[in-house]
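Hi,

Here is the structure I promised to pass on.

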Amino acid sequence: GMVDVQDDGMISMPLIGQLKADGLTVEQLKNLIGTKLDDFMQTPEVTVQVTKNNSKKYYIMGPGAGRSGTFPLTGKVTVSEALTTSEGFSSFANQKKIYLLRKSENYKEKHLFNYKDVMAGKHLEQDIEVENGDRIFVPE
């Protein structure tokens with residue numbers, strides 16, 4: 001059956017209980033599960049397949065965000081695309097003063113983003129790709 005990896009990196013399966021999946025390759029996890037099942041059956045056939053990866057995320061916050069929160073980073077996403085996932089802006093959002101804090105040296109890397117300019121086709125270089133752990137702040 002399908003099993004989710006929990007936030008602590010563990011999986012839980014009938015017969016064998018909990019196993020640490022975090023940090024293992026698909027092949028390593030397959031072998032570990034097979035070894036644990038050896039106690040219960042002869043030559044168990046185990047298949048491991050990653051169907052969804054939710055370990056990467058970005059954050060949208062601030063009083064101007066339509067919806068603040070944590071969002072999964074499942075592929076290439078730019079700042080403008082990320083902002084659409086937060087249900088737009090509140091009525092008092094300052095769309096010209098948005099910024100992204102990148103997770104490097106305690107979030108000291110700051111990228112300015114003027115939503116109005118980018119949507120008008122200006123300063124497109126501000127619409128950078130979001131990386132794991134980035135924080136997008138929408139002020140009022």
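A term to start with: I say a charge sits over a ring if NZ of Lys or CZ of Arg is within 6 Å of the ring centre and within 35 degrees of the ring normal. By that rule, Arg135 lies over the face of Tyr59, at 4.9 Å from the ring centre. The charged end of Lys110 likewise sits over the ring of Tyr99, 4.3 Å from its centre.

Before you go further, the ground rules. This is a predicted model, so local features need pLDDT of at least 70 and side-chain atom pairs count only at pLDDT 80 or more, while totals for chains, interfaces and linings use all residues. Residues are numbered from 1 along each chain as its sequence is written, and side-chain values use heavy atoms, with hydrogens and water left out.

On confidence: pLDDT is the predictor's confidence in each residue, from 0 to 100. The chain averages 90, and 99% of the residues score at least 70. Strand S1 (residues 10-13) has the lowest confidence, with a mean of 90, and strand S7 (residues 135-137) the highest, at 96. The element names are DSSP runs numbered from the N terminus: helices are H or I with at least four residues, strands are E with at least two.

Now the rings. Two aromatic rings (Phe, Tyr, or the six-membered ring of Trp) pair if their centres lie within 6.5 Å; planes under 30 degrees apart count as stacked, over 60 as edge-to-face and the rest as tilted. The structure holds four aromatic pairs. One of them is Tyr58 with Phe71: the centres are 5.7 Å apart and the planes at 20°, so the pair is stacked. Tyr58 belongs to strand S3 (residues 57-61) and Phe71 to strand S4 (residues 69-72), so the pair ties together parts that are 13 residues apart in sequence. Both Tyr58 and Phe71 are buried, where buried means under 20% relative accessible area, exposed over 50%, and partly exposed in between (1.4 Å probe, protein chains only). Elsewhere, ring pairs link Phe89, Phe113 and Tyr115 into a cluster.

Tyr58 turns up again in the packing. A nonpolar core here is a set of buried Ala, Val, Leu, Ile, Met, Phe, Trp, Tyr and Cys residues joined through side-chain atoms within 4.5 Å. The largest one has 19 residues, and those with the most contacts inside it are Tyr58, Ile60, Val79, Leu83 and Ile136. S3, helix H2 (79-84), strand S5 (98-102) and H3 each supply at least two residues of this core. H2 gives the largest share, three residues. A second, separate core of nine residues includes Ile11, Ile16, Leu19 and Ala21.

For contacts I use heavy atoms within 4.5 Å. Not counting residues up to four places away in sequence, Ile60 touches Ala65, Arg67, Ser68, Gly69, Phe71, Ala82, Leu83, Thr85, Ser86 and Ile136.

Next, the loop between H3 and S7. Is Asp134 buried or exposed? At 0% relative accessibility, Asp134 counts as buried, and this residue lies in that loop. Its side chain makes a polar contact with the side chain of Arg102 at 2.6 Å. (A polar contact is a pair of N or O atoms within 3.5 Å; within protein, one must be able to donate a hydrogen and the other to accept it, and residues adjacent in sequence count only if both atoms are side-chain atoms.) The Asp134 side chain also reaches the backbone nitrogen of Glu131 at 2.8 Å.

Glu129 is found in the loop between helix H3 (115-119) and S7 too. Its relative accessibility is 41%, so Glu129 counts as partly exposed. Leaving out residues up to four places away in sequence, Glu129 touches Lys76, Val77, Thr78, Arg102 and Asp134.

A few backbone notes for your checks. His123, also in the loop between H3 and S7, has phi near 50°, a positive value in a residue other than glycine. Glu87, in the loop between H2 and S5, has phi near 60°, again positive in a residue other than glycine. Glu87 counts as exposed at 58% relative accessibility, whereas His123 is partly exposed at 41%.

Cheers
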